[in-house]
Amino acid sequence: MTDLLQKSLYALALSLVAVSAGNAATLVEPTLHLKPQGGGGRVALTLDACGGKTDTRILSALVENRIPATIFVTGIWLKRNAAAVEIMRAHPDLFELENHGGRHIPAVDTPRKIYGISSAGSPDAVLAEVESGAAALASAGGPAPKWFRGATAEYSPSAIAMIRKLGFKIAGFSVNGDGGSLLGAKQTARRIAAAKDGDVIIAHINQPTHAAGEGVVQGLLALKQKGMTFVRLDDAEDMGNDGTTD
C-alpha cells in the first residue's frame with residue numbers, strides 16, 4: 001500500500017469518527033411549556049403507553065377525578081390494551097390519544113443506542129416508526145393524531161425536521177414525573193406535586209407493577225387540591241424549543 005493511499009484511508013477514518021461523534025452529540029431532548037394564563041395555574045399531563053399493560057390505578061383516578069390527559073400510545077400497546085382504549089374513547093372530554101410510534105423505536109436517524117434502546121437508524125426507519133404509529137391509531141378509531149413523542153423522548157435534529165414535515169408537533173416536557181416509571185412512589189409524587197403554571201408533565205401509564213404509578217396518582221391529586229387546572233395539549237397554546245412546535 002502506498003503512503004498516499006495510507007494517508008487517504010487514515011483521513012477518511014478520522015472523518016468518519018468525527019461524523020459519528022458529531023451525530024452522537026446532536027441529540028435533542030426538547031422541552032415543552034404551556035403559555036402562561038394566570039389565575040390558579042394550569043398544567044398538561046402527558047402519559048406514555050409504551051408497551052405492556054395498563055396501570056389502572058392511574059386510569060381510574062383520572063376518570064374518577066375528571067383529570068384530562070394526553071396519552072401517547074404505541075401500536076404495540078394499542079394491540080394489547082383494548083379495554084383501556086375503550087375506556088379512554090368513552091371519555092373524549094378527558095383523553096386525547098396521540099402518536100408514540102409503531103414499535104417504540106427512538107426517532108434518531110443514525111444508528112446508536114439510547115438508554116439501551118436501538119435507534120431507528122435511518123431516515124426511512126424514522127418515517128416508518130412515525131407513520132405506523134399514526135396508522136395504528138387510525139385503525140383503533142377516533143381522531144387522527146396531531147402530536148408525536150418518540151421513544152426515549154430524544155431526537156436527532158434532522159428527524160425533528162422530518163416529523164414536522166409530516167404535520168406532527170413534537171411533544172417535549174418540562175417535568176419528568178416518574179423517571180421513566182423507575183422512581184419510587186414518594187419521589188414521583190413530590191416531582192408531580194411541585195409542577196407550576198405552564199408545566200408539561202411526563203409519566204407512564206403502562207407499568208402497573210411499578211411503585212411510580214401510585215406516586216403519579218398522589219401527585220396529581222395534590223395538584224388538584226391546590227386548585228391547578230389540567231388541560232390536554234390540544235386545548236392550550238404551547239411553546240416548544242428546537243423547532244418542535246413552531
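This note goes through the predicted model point by point, from the overall fold to single residues.

1. Basis. The model is predicted: local features need pLDDT of at least 70, side-chain atom pairs count only at pLDDT 80 or more, and totals for chains, interfaces and linings use all residues. Residues are numbered from 1 along each chain as its sequence is written, and side-chain values use heavy atoms, with hydrogens and water left out.

2. Overall make-up. The protein chain has 8 helices and 12 strands. Helices (H or I, at least four residues) and strands (E, at least two) are DSSP runs, numbered from the N terminus. Of the 246 residues, 50% count as buried. Buried means under 20% relative accessible area, exposed over 50%, and partly exposed in between (1.4 Å probe, protein chains only). Take the contacts between residues at least 6 apart in sequence: 79% of them join residues at least 24 apart. Contact means heavy atoms within 4.5 Å.

3. Helices α2 and α8. Helix α2 (residues 56-64) packs on helix α8 (residues 212-225) at an angle of about 20°, and the axes are 8 Å apart. That makes α2 roughly parallel to α8. Axes are lines fitted to C-alpha atoms, for helices over the stretch in contact, and angles run from 0 to 180 degrees between N-to-C directions. Angles under 35 degrees count as roughly parallel, over 145 as roughly antiparallel, 65 to 115 as roughly perpendicular and the rest as oblique. The α2/α8 crossing is right-handed; in that case the near helix is turned clockwise from the far one by less than a right angle, while anticlockwise is left-handed. On the α2 side the contact uses Arg 57, Ile 58, Ala 61 and Leu 62; α8 supplies Gly 213, Glu 214, Val 216, Val 217 and Leu 220. The contact residues of this pair comprise 6 nonpolar, 1 polar and 2 charged. Ala, Val, Leu, Ile, Met, Phe, Trp, Tyr, Cys and Pro count as nonpolar, Asp, Glu, Lys and Arg as charged, and the others, Gly among them, as polar.

4. Helices α5 and α6. Helix α5 (residues 123-139) and helix α6 (residues 157-165) pack at about 45°, with axes 10 Å apart. That makes α5 oblique to α6. This crossing, too, is right-handed. Pro 123, Val 126, Leu 127 and Val 130 of α5 meet Ala 159, Met 162 and Ile 163 of α6. The contact has 7 nonpolar residues, no polar and no charged.

5. Cores. The largest nonpolar core has 35 residues, and Leu 47, Leu 62, Ile 71 and Phe 95 have the most contacts inside it. A nonpolar core is a set of buried Ala, Val, Leu, Ile, Met, Phe, Trp, Tyr and Cys residues joined through side-chain atoms within 4.5 Å. Helix α2 gives the most to this core, with 5 residues. Beyond its neighbours within four places in sequence, Phe 95 is in contact with Leu 59, Leu 62, Val 63, Ala 69, Ile 71, Met 88 and Arg 232. Another core lies apart, with 15 residues, including Val 126 and Ile 160.

6. Asp 55. This residue sits in the loop between β2 (42-49) and α2. Asp 55 counts as buried because its relative accessibility is 1%. Leaving out residues up to four places away in sequence, Asp 55 touches Ile 205, Gln 207, Pro 208 and Gly 213.

7. Gly 41. The loop between β1 (32-34) and β2 holds Gly 41. Its relative accessible area is 8%, so Gly 41 is buried. With residues up to four places away set aside, Gly 41 touches Asp 197, Gly 227, Met 228 and Thr 229.
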